[in-house]
Amino acid sequence: MLNLYSKNFSSKPKIIPISDKFSVQGNGAKMLKKEKQVTDLAEIADIIDNCEYCAIALIDGDKPYVIPMNFGYTLENGKLTLYFHCARFGKKLDLIKANANVAFEMSCNNKLFTAKLACHYGYAFKSIVGSGKASILTDMTEKQSALKIFMKKYSSTNFVIAENMANAVAIFKIDVEQFTGKYNKEIIRDKE
């Protein structure tokens, strides 16, 4: 099992210990319950493969702007890159041009579990959250490659992406600077 936090992982983010209960990954999120953390890259890829969309958070002045989007991704040597397409003009692109800092969240296997007591209710899920820098792609070869990556997530067909197809949309990517995988399994606390 490859641990993203091991000293042997060459492209690992900086880990700053805060206590024996949690640590901070760069400027990222703390994981209070380490038993729920997913660090194996194959498991992380499986979670991403099963997520139907990714919600991205952009900065709109002094307020967040969150929008769910279909996406594609690459995960190579621990480096996660997310790809999105949208109209060639609009709010998302304007916000990215003004401030490239973004956050994202995706989840799958979501299931409410119930119990006799209200405080025993819970939610099972698998998720990836993180942040990074967004950039708008302008190079035609890179745009075509990004669209192929995007389509690979939703189809087993190896599509040919013509220039006119790539020119019909805007494509942006998020170079992920930090991310965390997490799961919460269903727990049966009280029996009928």
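Visitor: Which residue in β7 does Tyr73 stand opposite?
Guide: Tyr73 stands opposite Leu82. Keep in mind that this is a predicted model.

Visitor: How many bridges join β6 to β7, and do they run parallel or antiparallel?
Guide: There are five bridges, and the two strands run antiparallel. Strand β6 covers residues 72-76, while β7 covers residues 79-86.

Visitor: What do β6 and β7 form, and what's in the turn?
Guide: They form a hairpin, with two residues between the strands. In the turn, Asn77 has a positive phi of about 55 degrees.

Visitor: OK, stepping back. How many helices and strands are in the protein chain?
Guide: Four helices and ten strands. Along the sequence the pattern reads β-β-β-α-β-β-β-β-α-β-β-α-α-β.

Visitor: And what share of the residues is buried?
Guide: Of the 192 residues in the chain, 41% are buried. As for the accessible surface, it comes to about 11600 Å², and carbon and sulfur atoms account for 52% of that.

Visitor: Let's talk about α3. How does its reach compare with what's expected?
Guide: Helix α3 takes in residues 140-154, 15 residues in total. From first C-alpha to last it reaches 22 Å, close to the 21 Å expected.

Visitor: What caps its N-terminal end?
Guide: Asp139 does, with a side-chain oxygen 3.2 Å from the backbone nitrogen of Thr141.

Visitor: Which residues of α3 are buried?
Guide: They are Met140, Lys143, Gln144, Ala146, Leu147, Ile149, Phe150 and Lys153. An α-helix has 3.6 residues a turn, so residues three or four places apart point the same way.

Visitor: New topic, cysteines. How many disulfides are there?
Guide: The count is zero.

Visitor: Is Cys108 buried or exposed?
Guide: Cys108 counts as buried, because its relative accessibility is 4%. Cys86 counts as buried too, at 9%.

Visitor: Last one: where is Ser127, and what does it touch?
Guide: Ser127 is in strand β9, residues 122-136. Leaving aside residues up to four places away in sequence, Ser127 touches Ile47, Glu105, Met106, Ser107, Thr180, Gly181 and Lys182. Its relative accessibility is 8%, so Ser127 counts as buried.

Conventions
Residues numbered from 1 in each chain as written. Predicted model: local features only at pLDDT ≥ 70, side-chain atom pairs only at ≥ 80, totals over all residues. Heavy atoms only, no water. Pairing = 2+ DSSP bridges. Buried < 20%, exposed > 50% of the residue type's maximum accessible area, 1.4 Å probe, protein only. Contact = heavy atoms within 4.5 Å. Areas by Shrake-Rupley, 256 points an atom, 1.4 Å probe, with all protein chains shown as cover. Disulfide = S-S within 2.5 Å. Expected span 1.5 Å × (residues − 1). Polar contact = N/O pair within 3.5 Å; in protein donor to acceptor, adjacent residues only side chain to side chain.
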